[in-house]
Amino acid sequence: MKIGEHDWHLDPLGKHIWRGRMEAGQLLALARAVKEEGGQLIALWGADNRHLSRGFAIHAALLTSAGLVWVTCALPDEAPAYPDLAHIFPQADRMQRATFDLLGITATGAVDGRKWLRHTAWAEDEFPLRKDFSPLSAHRSPPAAVDAYPFIRVEGDGVHEIAVGPIHAGTIEPGHFRFSVIGERVLRLEQRLGYTHKGTEKRFEGMDLATGAKLAGRVSGDSHIAYAWAYCMAVETATDSQVPDRAVWLRALFLEIERIANHLGDLGYLGNDVALAFGFMQFWRLKEDWLRLTAKLFGHRYLFDRIVPGGVAVDIGDGGRAELAAEADRLEAEVHSLKAIYDDHATLQDRFTNTGVCKPDLAARLGLTGLAGRASAQAWDARAQFPQAPYDQLDVNMATQRRGDVLARAEVRFSEIHESLRLIRDLLARLPAGDLHAPLKPVRDVCEGLGWVEGWRGEVLVAVRIGADGRLDRVHPHDPSWQNWPLLEIGILGNIVPDFPLINKSFNLSYSGPDL
Amino acid sequence: MATHLILQKIFKTGFVSEPAPQADLALRTREQALHTEILKIFGQSVAIRHVDAGSCNGCELEIHAINGPHYNIEGMGVKFVASPRHADMLLVTGPVSRNLEVALKRAYDATPEPKWVVAMGDCGCTGGMFGETYATCGKVSSVIPVDVEVPGCPPTPIALLQGILAAVSQNKTSTAS
């Protein structure tokens with residue numbers, strides 16, 4: 001496949017997904033070619049392949065006009081290194097640092113060599129994702145009290161720092177935010193994440209395929225379906241297994257249910273953060289009704305473990321279809337009436353407008369993705385451009401805005417709720433008959449696959465390698481929050497500290513997803 | 001005009017709050033000395049500080065949910081507060097990640113005595129799917145003392161409320177109010 005002037009020898013691996021191997025030296029040229037044609041780096045991760053006598057490896061997933069390109073470069077056993085990609089795609093920075101912390105693979109020439117996921121739980125010369133690292137805790141000493149992390153200091157007359165977290169004042173995940181401010185105005189924000197690092201990737205190693213789906217769904221619980229589906233897609237590609245049509249359609253139904261639930265919650269909290277408690281109560285009433293119906297129809301409020309390798313674990317009957325369609329109609333009218341109130345509410349509009357702005361050109365340069373990207377004119381939605389089944393039969397309308405502020409991110413959520421409701425009606429009306437589940441083909445040799453799902457927050461990727469024993473050898477789940485967290489540092493600049501909660505909520509990024 | 005629309009919506013919606021569930025005393029893992037005495041001090045209310053000690057954020061979804069209108073927790077005297085120094089109870093989620101172990105201990109120390117700890121979710125109760133590894137300490141009780149464990153992945157809002165109320169209930173016959 002040609003990208004730029006060069007033919008990169010990529011092979012198709014599932015629909016809209018391309019696979020290639022190259023020398024580490026070629027990675028830069030590929031990244032430049034992708035950047036020049038307007039593409040993005042989505043994910044970067046490493047692997048220890050020494051047990052397969054293949055040294056180490058660095059993997060990159062790039063978004064191009066032809067779909068997703070997954071390339072791998074083999075690296076030597078000793079001093080594995082690859083060229084820095086962050087000067088081309090700034091979003092690579094934290095992924096490169098995490099890859100070093102977990103595997104000891106170096107990005108040569110990287111400007112920022114600070115640790116990222118490592119705090120004090122393991123030593124500088126230990127690398128948890130190396131196969132010879134013992135994951136057991138018995139020999140571990142209690143962590144040092146202070147994680148000395150070199151924050152970048154802002155100096156000058158009247159500058160002071162506000163340190164927030166890791167434990168925040170609300171019901172939020174833990175992370176540390178270091179604000180440098182003059183008066184109320186933010187000069188700089190620096191994030192320190194990794195507090196929820198649970199060793200998820202190590203945990204996958206040696207797991208059977210069915211249990212792996214459960215763990216994948218718990219990488220970031222609010223995106224359970226997106227992760228479970230991406231994981232299963234990867235496993236099904238790796239084993240060359242077919243999933244029955246009905247199961248694929250039900251997966252899409254679950255994904256849209258999850259999108260609506262999250263968007264409803266966020267719209268409520270956005271109201272709450274500008275002191276419109278009415279908005280919170282109304283949207284959370286609607287969300288609760290939605291979750292209860294989900295539990296009634298499928299047995300779990302958030303559909304945990306309803307997607308399994310080879311299909312789905314639960315069906316919907318005719319009664320359930322009618323009930324869900326009726327609830328979709330009711331919800332549509334309710335959201336419409338609340339939108340009229342948000343549109344008309346002067347304080348809310350004043351607080352939302354021009355707050356936390358990420359302009360389109362900056363968003364493109366830094367790789368802003370998903371929902372937040374679409375609010376800054378980054379028109380990517382895998383469901384629309386690179387649809388996997390059944391989205392290839394659904395004709396998804398993408399929601400975009402150009403303003404890149406809190407208002408734009410709220411508007412995208414409103415539009416996506418309506419589009420998801422339309423999709424749900426369509427999915428219910430045209431749901432094919434058939435089985436819910438087909439057994440996976442047996443694994444005979446080492447095999448690999450990639451899953452790519454447009455979750456409510458953005459694209460979720462799961463790369464899987466299965467060993468010859470049929471168990472998981474390496475799993476890397478990628479959360480869109482990797483790319484979007486650094487944009488929050490930019491979006492807050494020049495805003496006042498009290499607007500931070502509002503701006504933060506308008507992105508609503510995952511901590512657990514990228515902390516892994 | 002927004003005010004008019006808001007009032008119209010409020011009246012049209014009516015009350016959606018439901019009666020409080022009963023405490024589920026089976027979720028208690030230990031009985032603190034002076035339990036009855038403590039309850040006299042607290043009266044009818046409990047202030048909760050939530051600490052995510054490494055959760056996948058699934059449990060957080062349900063903590064948000066109980067703050068919604070169906071559950072009317074403030075009507076039961078349950079209130080979430082911003083600082084452990086204002087709290088009577090820590091509600092802890094997640095397997096405790098080693099990167100958050102120190103912060104959790106500090107939050108516990110900052111919470112004034114007497115206090116309760118409720119561990120929420122399968123991970124908080126047992127370590128769940130993440131277990132005890134180089135990166136996590138597993139269940140909450142391996143790091144701080146726990147009074148009530150609420151299993152589930154995630155526990156439903158009702159189960160969570162039954163657990164919170166179990167911590168602050170008088171005895172086996174009392175009900176939530």
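Which helices of chain A do the buried residues of H15(A) pack against? Keep that one in mind while you get set up.

This is a predicted model, in which local features need pLDDT of at least 70, side-chain atom pairs count only at pLDDT 80 or more, and totals for chains, interfaces and linings use all residues. Residues are numbered from 1 along each chain as its sequence is written, with chains lettered from A and ligands numbered from 1 in the order in which they are written.

**Stop 1: H15(A)**

Select residues 500-507 of chain A, helix H15; 6 of its 8 residues are buried, so the rest of the structure largely encloses it. Buried here is a count: 20 or more other C-beta atoms within 10 Å of the residue's own, against 12 or fewer for exposed and anything in between for partly exposed, with C-beta atoms placed from the backbone. Helices (H or I, at least four residues) and strands (E, at least two) are DSSP runs, numbered from the N terminus. Colour Phe500(A), Ile503(A), Asn504(A), Lys505(A), Ser506(A) and Phe507(A) to see the buried set. They pack against helix H6 (245-272), helix H11 (370-374), helix H13 (406-430) and helix H14 (481-491) of chain A.

Now step to Asn508(A), in the loop between H15 and helix H16 (512-515) of chain A. Its phi is near 40°, a positive value in a residue other than glycine. Most residues other than glycine have a negative phi, and most peptide bonds are trans. Asn508(A) is buried, with 22 other C-beta atoms within 10 Å.

**Stop 2: H7(A) and H8(A)**

Next, show H7(A) and H8(A), whose axes come within 11 Å and cross at roughly 170°. Axes are lines fitted to C-alpha atoms, for helices over the stretch in contact, and angles run from 0 to 180 degrees between N-to-C directions. The two helices are therefore roughly antiparallel to each other, a label for angles over 145 degrees. The residues of this contact divide into 9 nonpolar, 3 polar and 3 charged. Ala, Val, Leu, Ile, Met, Phe, Trp, Tyr, Cys and Pro count as nonpolar, Asp, Glu, Lys and Arg as charged, and the others, Gly among them, as polar.

Asp305(A) counts as partly exposed, with 18 C-beta neighbours inside 10 Å.

**Stop 3: the side facing chain B**

Bring in chain B: 48 residues of chain A are in contact with 43 of chain B, where contact means C-beta atoms, placed from the backbone, within 7 Å. Which element of chain A gives the most to this side? H7(A) does, with 6 residues.

**Stop 4: H4(B)**

Over in chain B, select helix H4 (residues 101-110) and pick out Glu101(B), Leu104(B) and Ala107(B), which are buried. They cover an arc of only 125° around the axis, which puts them on the same side of H4(B); the arc is that of the directions from the helix axis to the C-beta atoms. The cover over these residues includes strand E1 (46-52) and strand E3 (89-93) of chain B.

**Stop 5: two cis bonds**

Stay in chain B for the peptide bond from Glu113(B) to Pro114(B), which is cis, with omega near -5°. Pro114(B) lies in the loop between H4 and strand E4 (116-120) of chain B. Back in chain A, the bond from Gly165(A) to Pro166(A) is cis, with omega near 20°.

Note on methods
Contact = placed C-beta atoms within 7 Å. Parallel < 35°, antiparallel > 145°, perpendicular 65-115°, else oblique.
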